[in-house]
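Subject: Structure for you to look at

Hello,

Here is the structure I said I would pass on. Please open it and keep it beside this email while you read.

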Amino acid sequence: MNSTEDRRIIRTKEAIRAALVTLIEAKGFAALSVKDITTKANINRGTFYLHYKDKFDLLDQTLEEVIKDIEGIILKITALSTADFADTRIPTAIIVRLFQYVDDNAALMQAIMATKGNYALQSKMKKLMWSNIFEKNCISLVKREKMLVPGEYLASYIASAHFGVIQEWLDRGRQESPEEMARILVNITFHGPLFAAGIFS
């Protein structure tokens, strides 16, 4: 396959994904059909089926691509040292990248969160955190023998809380910048929700 064919495939998949996002926003995933997608993307059904089995496969592949992108950002956090965490500017910079990714792909993220992809995305991130932070102990400052709660619950809490903040930001129209959202999330994560609420200071 030459580079021209590669670019054509990329453009076709981008058109299909854009059609998927637009149609989910307009009528919901359950109501849309492959014909809706091909019409919106201005392609024939044969072209669609070269790349995807059906609309569910399209959603699954799209979700996997988003998960891979987010995973690449989150894994940068697991590579940080204790000293890096002491200088909160370093983890904050990585979280800015996460919010920038969400901002750049806002319509796609909202479409995913309006489908089963919301649960799948959170579930994948919980497993990622559990595997890299607690099982592999990639972050050197995490000492399992000193933990006050089981790691599985902590990983679930962190993933759910973070995606809750991202969902709220999307629902509110992304009024704050990625930098401001990163500061908000770092404050909650590093100091806890009660501290962030002003109960403890």
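Among contacts in the chain between residues at least 6 apart in sequence, 62% join residues at least 24 apart; a contact means heavy atoms within 4.5 Å.

This is a predicted model, in which local features need pLDDT of at least 70 and side-chain atom pairs count only at pLDDT 80 or more, while totals for chains, interfaces and linings use all residues. Residues are numbered from 1 along each chain as its sequence is written, and side-chain values use heavy atoms, with hydrogens and water left out.

The chain has an average pLDDT (the predictor's confidence in each residue, from 0 to 100) of 84, and 84% of the residues score at least 70. Confidence is lowest in helix 5 (residues 82–86), with a mean of 63, and highest in helix 2 (residues 34–41), with 97.

The chain contains 11 helices and zero strands. Both are DSSP runs numbered from the N terminus: helices are H or I with at least four residues, strands are E with at least two.

Of the 201 residues of the chain, 38% count as buried, that is, under 20% relative accessible area, where exposed is over 50% and partly exposed lies in between (1.4 Å probe, protein chains only). Helix 7 (residues 106–113) is mostly covered, with six of its eight residues buried. They are Ala106, Leu108, Met109, Ala111, Ile112 and Met113.

Thr38 is found in helix 2. Is Thr38 buried or exposed? Thr38 has a relative accessible area of 4%, so Thr38 is buried. Leaving out residues up to four places away in sequence, Thr38 touches Ile43, Asn44, Arg45 and Phe48.

The second largest pocket has a volume of about 150 Å³. On a 1 Å grid over the protein atoms alone, a pocket is an open set of points where a 1.4 Å probe fits, with protein on both sides within 12 Å along at least five of seven lines; lining residues have an atom within 4 Å of a point. Grid points are joined across faces, edges and corners, and the volume is the space filled by probe spheres set on the points.

The lining of the second largest pocket includes Ile9, Lys13, Tyr52 and Glu65. The elements that give two or more residues to this lining are helix 1 (3–27) and helix 4 (55–78). Helix 1 supplies the largest share, five residues.

Regards
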